[in-house]
Amino acid sequence: MEWLYITMPISGVDIFWPGLIILGLGVGMIGGFFGMGGGWMVTPGLNILGFPMAFAVGTDIAHMAGKSLISTARHARFGNVDYKLGVIMIAGTVTGFELGAQIIMWLERIGKVDAYVRYGYLVLLTLIAWLVFTDILKKRRKDREALAAGRQVEALSTGIEWHKTLHKIRIPPVLDFTRAGIRCSMWLPVSVSFLTGLLAGVLGIGGGLIRMPALIYLVGCPTHVAVGTDLFEVAISGLYGAGSYTYKGRTELLAAVVMLIGASVGAQIGTVATKYVKGYGIRVFFGVAVIGCAVSVVFKLIAAAYPAWRLFFDVAATILVLGLVAALSLYIFIRFLKGVREELAEKRRLVGSGAR
Amino acid sequence: MRQTLRCAIRLGGTLCLLLWLQAAAFAAGPAAEKIVIVADSRRFTGWRAWWMNLYNESHLWFALLTITIIPLLGVILGVLTDFFMARIGINLKSRVLAEH
């Protein structure tokens with residue numbers, strides 16, 4: 001069974017390569033569907049496969065850049081990428097990320113950085129989960145009220161509408177973002193991307209998990225456009241991160257390439273699956289993913305606070321994250337298959353009725 | 001295919017801007033902290049030995065090559081999977097669902 005293992009050139013460890021492909025496939029689907037890189041899922045997965053931690057983050061970011069590029073191209077065809085918005089946001093993201101990295105280095109110097117970062121991450125995830133589910137409940141209540149009043153439910157109705165207030169701030173230049181269907185001050189996406197970049201830099205994550213809801217709730221993008229535009233951002237920041245980590249000697253390119261083979265298939269499936277799922281359907285499962293991520297952070301905090309239980313909670317966190325990856329990718333795959341089957345049946349029906 | 005290439009060109013342009021930004025950041029800040037690991041190239045031959053030697057000799061060239069290979073491979077794999085996905089027979093050019 002030696003052929004199932006491949007020796008990594010830099011770190012010198014033997015890795016089970018089918019595991020890398022499966023991991024890439026799973027996070028590829030999730031990334032393409034939710035518009036995030038999925039670093040919080042990949043790092044424990046790589047660790048389980050025997051990857052040294054020092055190489056796990058860099059390798060993950062390198063594969064993330066390639067995978068997000070594939071998803072972005074596919075989302076662009078569906079009209080889900082607002083390039084103008086994405087390019088404007090890059091400047092804010094990069095500046096914010098660099099400042100965040102400086103803050104984290106300062107925190108490292110005063111000590112206890114791990115605990116601060118984990119608690120900060122937990123607060124942020126709780127906030128995002130609350131935001132997502134409050135929005136869903138609000139939207140449902142609005143729809144129920146509209147139906148009760150005998151009105152038709154608006155296709156573009158939303159629950160939380162913070163973006164409408166933010167759009168009223170008209171500091172010039174005011175720009176039109178055609179794909180996203182919004183008109184707002186250029187400074188809104190710039191400040192949002194700066195803030196999300198800053199948080200990503202401080203927390204040491206890619207940022208998709210924060211940027212995707214920020215694009216929806218603060219900038220006002222429809223869900224599908226938020227997913228596509230966020231992936232464009234992830235591809236760019238991923239390349240930047242890959243360059244930075246590789247320069248510091250923390251990337252195992254061979255593993256990233258093997259993962260990319262699985263991720264390229266997964267990214268296509270995940271992206272095409274968004275065609276068959278309503279925007280709010282994506283938000284519900286995004287919320288579930290955020291809760292899963294938050295619980296895994298809680299496990300890590302307990303493991304750090306109680307050394308006697310360290311092994312138990314570390315293992316529990318890893319099982320939770322990998323279980324979540326498996327469950328979410330299975331859900332996405334089923335939606336993809338169902339959607340494809342229905343579309344092909346409809347196509348056949350139309351051809352049949354045309355022939356008659 | 002044309003969309004993939006157009007997307008790659010846009011990403012390439014943005015990447016150039018980013019590389020310039022990164023170069024400016026490196027020039028302004030202190031030297032990045034590196035992990036001191038020397039890859040053992042004695043165990044390998046061929047491209048893997050060459051790859052390890054490149055890593056040992058220059059992290060900068062190694063990084064530049066990595067960020068060139070990754071998007072290039074992304075485009076190649078994207079076009080390939082695109083080709084197979086198109087064989088299924090579904091509409092890959094538009095999305096009917098239009099709501100928040």
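## Confidence in the model

pLDDT is the predictor's confidence in each residue, on a scale from 0 to 100. This model is predicted, so local features need a pLDDT of at least 70 and side-chain atom pairs count only at 80 or more, while totals for chains, interfaces and linings use all residues. Residues are numbered from 1 along each chain as its sequence is written, and chains are lettered from A, with ligands numbered from 1, in the order in which they are written.

The model scores ipTM 0.82 and pTM 0.84. Chain B has a mean pLDDT of 72, with 58% of its residues at 70 or more. Where in chain B is confidence lowest, and where is it highest? The lowest mean, 50, belongs to helix H1 (residues 2–28) of chain B, and the highest, 91, to helix H3 (residues 59–87) of chain B. Helices (H or I, at least four residues) and strands (E, at least two) are DSSP runs, numbered from the N terminus.

## Where the chains touch

Let's turn to the contact between the chains. Chain A contributes 54 residues and chain B contributes 50; two residues are in contact if their C-beta atoms, placed from the backbone, lie within 7 Å. On the side of chain A that touches chain B, helices H3 (53–77), H4, H9 (223–247), H10 (253–273) and H12 (310–355) of chain A each supply at least two residues. That side has 32 nonpolar, 14 polar and 8 charged residues. Here Ala, Val, Leu, Ile, Met, Phe, Trp, Tyr, Cys and Pro count as nonpolar, Asp, Glu, Lys and Arg as charged, and the others, Gly among them, as polar.

## Two helix pairs in chain A

The axes of H3(A) and H10(A) come within 8 Å and cross at roughly 30°. Axes are lines fitted to C-alpha atoms, for helices over the stretch in contact, and angles run from 0 to 180 degrees between N-to-C directions. The crossing angle means that H3(A) is roughly parallel to H10(A), a term for angles under 35 degrees. Their contact has 9 nonpolar, 9 polar and 2 charged residues.

For H4(A) (residues 83–110) and H7(A) (residues 187–203), the axes come within 6 Å and cross at roughly 35°. This contact divides into 18 nonpolar, 10 polar and 1 charged residues.

## A hairpin in chain A

Strands S3 (residues 174–177) and S4 (residues 182–185) of chain A run antiparallel, joined by 4 bridges; strands pair if DSSP finds at least two bridges between them. Phe177(A) stands opposite Ile182(A) in S4(A). The hairpin has 4 residues between its strands, and Gly181(A) takes a positive phi near 70°.

Technical notes: Angles under 35 degrees count as roughly parallel, over 145 as roughly antiparallel, 65 to 115 as roughly perpendicular and the rest as oblique.
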